[in-house]
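Let's take a walk through a protein structure together.

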Amino acid sequence: MDGDPTVEPELDTFSLILPLPYRIALILVLGVWAWGVNLHYLYLLKIDVPSLIKYSSRTSSPLPHHQRTYALATTITAPLVISLLFFWALTRGRPSAVLAWDIIPQSYLFLLILFFLVPYKRLSPNGRFRFLTTLKRISIGGIAETQDGKFGDILLADVLTSYAKVLGDLFVSLCMFLSSGKSSTDKPDRGCGGQYIVPIVISIPSMIRLRQCLIEYMRVRNNPQKSAGQGWGGQHLANALKYSSAFPVIILSALQRGYDPNKIGLSEKGLYRL
């Protein structure tokens, strides 16, 4: 397939070096490193982040939380580096080989997901369990009470909104890998699974934060003992409005990607102006 004009124009140099699954994995791993750096910086400022998010590690380890996060990040970085080197050695920048060996980067993504699901005791089991329980709670738009770690729920939901595009690409990568005749290392097909599936996936984090803001507003409104500093909850409605503003952008982007004048009833220029 080398030299095949139907293959080579689809993959640029960057995609030959870092195909979509590796780009997703790299961003996820860098996110863990960034969390460690944040913990480290706040630790130097004498800010106790675990107390803010109501996290008790329940461990006798003398290491501070940022060092344990660095150890976790190192553990998931090592197989990523090995996987990348092995992939480069096999493909050598050849488009046909990059398409054929998509199992290698995809295997690392599966390994990364399993890593957070399997409760291996030596790799921050309490932290990973807290992450999964918080993710489960906020995935349906829930939010804990202040004394139970509300700040941590908001923090994780905000991280998900920052990773919305990555979540969409993760779905695309898995869809292409599981689809017959496609390769996850090929040019991303963001119509995989249907025109509106990826936009729905991308919008989920904003939906989560929107519902959290509405829940906070209702808590303030229904609290007979609210303090004067809480106000009437207008700040939560303002936040809800901010997160709801993401939906028109996502919808219009989806319409532009699958533009069909017969279905939409607008010219492409008119759609672009919207």
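**Starting at a salt bridge**

Let's begin with Glu145, which counts as partly exposed because its relative accessibility is 37% (buried means under 20% relative accessible area, exposed over 50%, and partly exposed in between, with a 1.4 Å probe and protein chains only). Before going further, keep in mind that this is a predicted model, where local features need pLDDT of at least 70, side-chain atom pairs count only at pLDDT 80 or more, and totals for chains, interfaces and linings use all residues. Residues are numbered from 1 along each chain as its sequence is written, and side-chain values use heavy atoms, with hydrogens and water left out.

So what does Glu145 form with Arg219? The two make a salt bridge, with their closest N and O atoms 3.8 Å apart. That term stands for a side-chain nitrogen of Lys or Arg within 4 Å of a carboxyl oxygen of Asp or Glu. Glu145 sits in the loop between α7 and α8, while Arg219 is in helix α10 (residues 197-222), so the bridge ties together parts that are 74 residues apart in sequence. The helix names come from DSSP: helices (H or I, at least four residues) and strands (E, at least two) are DSSP runs, numbered from the N terminus. Arg219 is partly exposed, with a relative accessible area of 28%.

Why can such pairs form at all? Side chains of opposite charge can pair when their charged atoms come close.

How many salt bridges does the structure hold? There are seven. One of them joins the side chains of Arg137 and Asp153, at 2.7 Å from N to O. This pair links distant parts of the chain, with Arg137 in helix α7 (residues 125-138) and Asp153 in helix α8 (residues 150-162), 16 residues apart. Is Asp153 buried or exposed? Asp153 is buried, with a relative accessible area of 0%, whereas Arg137 is partly exposed at 29%.

Asp158 is partly exposed, with a relative accessible area of 26%, but Arg209 counts as buried at 4% relative accessibility.

**How helices pack**

Now turn to the helices themselves. Two packed helices are described by the angle between their axes and the distance between the axes. Helix α4 (residues 65-91) and helix α6 (residues 103-117) pack at an angle of about 170°, with their axes 9 Å apart. (Axes are lines fitted to C-alpha atoms, for helices over the stretch in contact, and angles run from 0 to 180 degrees between N-to-C directions.) That makes α4 roughly antiparallel to α6, going by a scale where angles under 35 degrees count as roughly parallel, over 145 as roughly antiparallel, 65 to 115 as roughly perpendicular and the rest as oblique.

Helix α4 also packs with α2, at an angle of about 160° and with the axes 9 Å apart. Again, that makes α2 roughly antiparallel to α4.

Most residues other than glycine have a negative phi, and most peptide bonds are trans. Which way does the phi of Lys46 go, positive or negative? Lys46 has a positive phi of about 65°, although it is not a glycine. You'll find Lys46 in the loop between α2 (20-44) and α3, where Lys46 is exposed, with a relative accessible area of 75%.

Arg92 is not a glycine either, and has a positive phi of about 50°. Look for Arg92 in the loop between α4 and α5 (95-100). Arg92 counts as exposed, at 67% relative accessibility.

**A contact from the start of the chain**

Finally, head back to Leu11, in the segment before α1 (13-17). Leu11 counts as buried because its relative accessibility is 6%. Leu11 and Val98 are 87 residues apart in sequence, yet 9.3 Å apart in space, C-alpha to C-alpha.
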